[in-house]
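Hi,

Here's the structure I promised to pass on. Have a look, and my notes follow below.

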Amino acid sequence: MTGFTSWRLPAYASLAAAGLVAGLAFGRVEPVALAAPFVLALVAAVTEHEPRVSVRLSLDRERALEGEEVTATIELSSPDSVDRFELLVPLPPEASIEGGPARALLLRAGEERTVELTLRCERWGAFSFGPVLFRARDLLGLRSWEGEAGEPQPLRVYPREETLRSLVAPLETQVFAGNQVSRVRGEGIEFADLREWQPGDRVRRVNWRATALRGSLWVNEQYPERNTDVVLFLDTFAEVRAQGRSTNDRAVRAAATLARGYLQRKDRVGLVGFGGVLSWLVPESGTRQLYAIVDTLLASDIVHSFALRDVDTLPPRTLPPKALVLAITPLLDNRTASALLDLRARGYDLIVVEVSPLELVDPSFAASVELAHRLWRLSREALRWRYEQVGVPVVTWREGVPLAGPLEEVNAFRHLARPA
Amino acid sequence: MGAVVAYVGVLGDALVRAGSAAPLLTAPAALGVLALVLALVHRGRGLGPALWLAAGTYVAFVVHVEHRVDPTAPLVAVLLLLSGELAAWSLDERWRIRADPQLAWRRGLALAALALAGLAVAALVVALSAVPSSHGLLWTVAGAAAAVGAAGTGVWVVRR
């Protein structure tokens, strides 16, 4: 601990000394009487000594969802009495504690006290709480000792996911069993067609009614259920942030929601964080992949960079053939647009979900700024047109609208405009 | 507010009884009040000089105007201490810390105890001054030693 003295002590010491000297110099008792109470205050300060305090910080859990409350417990004990013990838990801007992060209490000798603080994280992320900053002071605050104690406690706040009734079905399936009905015929449940029996067909596939009608063996053909590969392409080049809301926050929540939805269908899901910092996860399935995706999303943040990026820098297994690429982007950076159009040119099934930044932009403009704003909106329209020209559906996800809405638009688009 | 009232009490008493010397004492007194108010506004900067100005004003009054032992000296001393302590307390309370309720009244009790003890010691000092003593040199040496001890104690506490 580091010891500090109040500004009053030097002032009191100088007043006391000066009073005594003035009494001697002027031969008057009044300056000596003036100095007496200050001498007593000095004596009171001298008698204080550095306390020995034990501080332990713990959280009731390591994982939480956005907006949930977590209880932070601080256990204090001291063999000495501390007249005023102040403690402070440093918080990141995304977190808050009910009643403030600071507390002051009396710690009696040998007493163990527990302080419980209700922590609330309004935004996803990987946070660390602690160590606890503390200050021990005497009754009058003439002397204090400051230090920090307690191990940092990690807390992962996961993005709150939205409810989706249906997902966008990829056009192509993979070879493993899953929940997606494939276009290719094979062993399955969904009826596809009838055909004449061929050597090697199983007896149980014979359609006896058709056989009876036609006088020769006819068999059923089915569509098998296969899994699909989905790659979530997150644009982290730039974001629009205002009043604690940002396009990147919504993009991460959308990515987490979609990842969980596709993984529950036994699909393989991968992740590409395309921005100032490039990150990727090769498509895998299962619960472990969900945690890996969410942990990668927690670390994703906007890092401004002028480096040129393209999809060639990604490992080949990150973007498997026939994968559905779901791009979640605010359409702010041309490098993402170039990369996505490149993917489309390579034949990937691409869907663009635009996280609209318009709601975060202040609509009250001066005339000159309004013109720039209109130009900006026109450039975004032009970019959407470029995507649509090559057959890429672009849906706009506005703030306050459930994610299910834009996904239904994609399904409607694909139903009406059958991709080649 | 309490700090200002105590401070004004220290100066007011001296100025009222200063008589013709009051205009000479008004300037340092006014400066002291200004320093105190500024210190309360700016988180304590200048509080030490404010206490010095008040003490200096009172000592000047006593030396140049009051020719007898001033029986109110202990009270003035305690008021000066209280103005410093109350100012510091008000500045401490500006930190937004949720505190146990007992901390406030414990500090109040400690301050009251210190003030009463200071009043008693100062009164004792004034009372002892009325006792004639033939050991003038001894008292002088003792007073000098006390002055050095007070200053040295302050330095030691600050550097600890």
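What percentage of the 420 residues in chain A is buried? The figure is 39%, where buried takes 20 or more other C-beta atoms within 10 Å of a residue's own, exposed means 12 or fewer, and partly exposed is in between, with C-beta atoms placed from the backbone.

Before you dig in: this is a predicted model, in which local features need pLDDT of at least 70 and side-chain atom pairs count only at pLDDT 80 or more, while totals for chains, interfaces and linings use all residues. Residues are numbered from 1 along each chain as its sequence is written, and chains are lettered from A and ligands numbered from 1 in the order in which they are written.

On overall shape, chain A has a radius of gyration of 34 Å, whereas a compact globule of 420 residues would be near 22 Å (taken over C-alpha atoms; the globule rule is 2.2 Å times the number of residues to the power 0.38). Its C-alpha atoms fill a box of roughly 135 × 60 × 35 Å along the principal axes. Chain A holds eight helices and 24 strands (DSSP runs numbered from the N terminus: H or I of at least four residues for helices, E of at least two for strands). Of the contacts in chain A between residues at least 6 apart in sequence, 73% join residues at least 24 apart (contact: C-beta atoms, placed from the backbone, within 7 Å).

Now the interface. 55 residues of chain B are in contact with 51 residues of chain A. Helix 5 of chain B gives the most to the side that touches chain A, with 14 residues. That side of chain B divides into 36 nonpolar, ten polar and nine charged residues (nonpolar: Ala, Val, Leu, Ile, Met, Phe, Trp, Tyr, Cys and Pro; charged: Asp, Glu, Lys and Arg; polar: the others, Gly among them).

A few backbone spots to check. A:G130 and A:P131 are joined by a cis peptide bond, omega about 0°, and A:P131 is in the loop between strands 9 (125–129) and 10 (132–137) of chain A. A:K266, in the loop between helix 4 (247–264) and strand 20 (268–275) of chain A, has a positive phi near 70°. A:K266 is partly exposed, with 17 other C-beta atoms within 10 Å.

Cheers

Definitions and conventions: Contact = placed C-beta atoms within 7 Å.
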